Structure formats: C-alpha cells, structure tokens
Amino acid sequence: AVLHSGRLGVVRELRQERATRQGRVKVPHAVWARPEVQERARAKLEAGLRAQIRRAVRVACPQAYPDWDAFLGAFLRVGGVVEAIPAQVLSSPSVNLCIGMDGKIELVSAQDQVFSKNNPFECVGSSFPQAHVSQSDLRRAALGVGRALHRNGVVGHVGVDFVAFHDSAVDALRLWGVDINPRLTASCANHAFVKFLTGAASEDRATGRLLTVSRRA
C-alpha cells in the first residue's frame, strides 16, 4: 500500500507549525526537537492518521488485497515493513548477485527497473544496462550488501533493489537500498537470456554494457 504523507492535512498542519515555531527563535531546530514539542506533534499525527488514512492510502496490488480493510487485516495478521521513499525518485536500479559458499561475490547484472504507468510500484521489466547512477558506486553498494548477507549465512542468487534520488540537503545524488530478494530473480534470468541472444562474453565493469566477441569469416 502507498501513502503520500504530504497529501495528509495533518502533515501539512504540522509542517506549517514547525516553520512558524522555527521562525521565532535564533536556534530553530532546537525548538522543534524538544521532547514535549515532539510528543505533542506525535500525538497529533497519530490522531490525524487514524482519521484520514483510509481515504489517503492506495492499495498497490488490488488483485491480492481488494481494499484497505483486506490489506490491513493481512498486515496485522502476519506483520509488515513500513518504508520511506524519496518524493522524487530519479531511477530504481537493481543488482543481481551470486554469493558463493566461500564468500566470493559475483555481480551478475545491474539494470534499471521499469514500472507500470498505472502503478509506480509494479515492476514490469528491466532495462540493461542501468544508466542513471555511477556503475562503480552501485557495484560498491551492492557488494557491501552481499558481504553482509554472507556474514548472516546467505548464499546463492540474490537481487538487491535501490532507489536513486537527489538529496537537496547536501546537493548530491543518494542511493538507498530498499529491497532484498534472496532468489534467482526474473531480471537475472532475463539478463542471461539477453547474453545468450547477443552472444555477449562479458560486461564492461565501468558501464555495465555487454561485450561481444567479433567473429570474422
């Protein structure tokens, strides 16, 4: 399910209150960080969510959960994860890894996820190679996840999903890991099929582009 917090009236009210409070003092962040201020804001937010969430939330997979009540029932029964996502996502790169028993990690592929126009959280395909973030930065981040997984006993095929966005606070491109899929993913199988069709022997580590061997008659 997807909830755009900025569309909630209570969130807009709290943001306005924060701006007003901070505009009155020389050390603005100190005022809003006070425990009593935070507690009042939390209570107001919770009350607002209870009143508005049914109208504001959108179920991303109606085939599985036809409405909010069905989704909430499943969430309360088996649990779930609440994740934040940047307001302006530039791309959603993903990486497929193969983690060996000895800890050796192979980066099998890196691609951009392609999402449905009707549902921005429904992945309908992949674009090879990924073309929106530094390949070396993406590789470093993915291998770091792979090493952490191996330390926790995970071996075999793993897919790692990221989102890339511009962080205005530091004026830099950020890369967040958002999902781990401990299996042979569809994008990994698709990548193997593309390599088979093109006869690619390897990939350029700097760009992720497939490299084919020239065959002369």
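Reader: Let's start with Leu149: buried or exposed?
Author: Leu149 counts as buried, because its relative accessibility is 14% and the cut-off for buried is under 20%. Keep in mind that this is a predicted model.

Reader: Thanks! Which element is Leu149 found in?
Author: Leu149 is found in helix α5, which covers residues 135-151.

Reader: And what does Leu149 touch, leaving out residues up to four places away in sequence?
Author: Leu149 touches Ile99, Val154, Val158 and Ile180.

Reader: What's the C-alpha separation between Leu149 and Ala43?
Author: Those C-alpha atoms are separated by 37 Å, and the two residues are 106 residues apart along the chain.

Reader: Let's go to the strands. How many residues of β3 are buried?
Author: Eight of the 11 residues of β3 are buried, so the strand is largely enclosed by the rest of the structure.

Reader: In what sense do β2 and β3 pair, and over how many bridges?
Author: They pair in the antiparallel sense, over seven bridges.

Reader: How many residues lie between β2 and β3 in the hairpin?
Author: There are five residues between the two strands of that hairpin. Gly103, in the turn, has a positive phi of about 95°.

Reader: And how many bridges join β3 to β4?
Author: Four bridges join them, and β3 and β4 run antiparallel. Here you can look for Gln113, whose bridge partner in β4 is Ser126.

Reader: I'm curious about Asp112. Where is its place, and is Asp112 buried or exposed?
Author: Asp112 sits in strand β3. Asp112 counts as buried, since its relative accessibility is 6%.

Reader: Which residues does Asp112 touch, not counting those up to four places away in sequence?
Author: There are several stretches to look at. Asp112 touches Ser91, Ser92 and Pro93, among others. The list also includes Gly125, Ser126 and Ser127, as well as Pro129, Gln130, Ala131 and His132.

Reader: Which backbone nitrogen lies 2.9 Å from a polar atom of the Asp112 side chain?
Author: That is the backbone nitrogen of Ala131.

Reader: What kind of peptide bond joins Phe128 and Pro129?
Author: A cis peptide bond joins them, with omega about -15°. Pro129 is found in the loop between β4 and α5, and Pro129 is among the residues that Asp112 touches.

Reader: On backbone geometry, what is phi of Asp171 near?
Author: Phi of Asp171 is near 55°, a positive value in a residue other than glycine. Most residues other than glycine have a negative phi, and most peptide bonds are trans. Asp171 is found in the loop between β5 and β6, and Asp171 is exposed, with a relative accessible area of 60%.

Reader: Changing topic: what does the disulfide count come to?
Author: The count comes to zero disulfides. Cys98 is in no disulfide, and the nearest cysteine sulfur, that of Cys188, is 8.0 Å away. Cys123 is in no disulfide either; the nearest cysteine sulfur there belongs to Cys61, 13 Å away.

Reader: What are the relative accessibilities of Cys98 and Cys123?
Author: Cys98 is at 23% and counts as partly exposed. Cys123 is at 39% and also counts as partly exposed.

Reader: Last stop, α6. How far apart are its end C-alpha atoms?
Author: They are 18 Å apart, which agrees with the span of 18 Å that 13 residues should give at 1.5 Å a residue.

Reader: Which residues in α6 are buried?
Author: Ser187, Cys188 and His191 are buried. They cover an arc of only 105° around the axis, which puts them on the same side of α6. On the other side, Ala186, Phe196 and Leu197 are exposed.

Reader: What covers the buried residues of α6?
Author: The cover includes β2, β3, β4, β5, β7 and β8.

Terms used:
Residues numbered from 1 in each chain as written. Predicted model: local features only at pLDDT ≥ 70, side-chain atom pairs only at ≥ 80, totals over all residues. Heavy atoms only, no water. Expected span 1.5 Å × (residues − 1). Buried < 20%, exposed > 50% of the residue type's maximum accessible area, 1.4 Å probe, protein only. Arc of directions from axis to C-beta. Contact = heavy atoms within 4.5 Å. Disulfide = S-S within 2.5 Å. Pairing = 2+ DSSP bridges. Polar contact = N/O pair within 3.5 Å; in protein donor to acceptor, adjacent residues only side chain to side chain.
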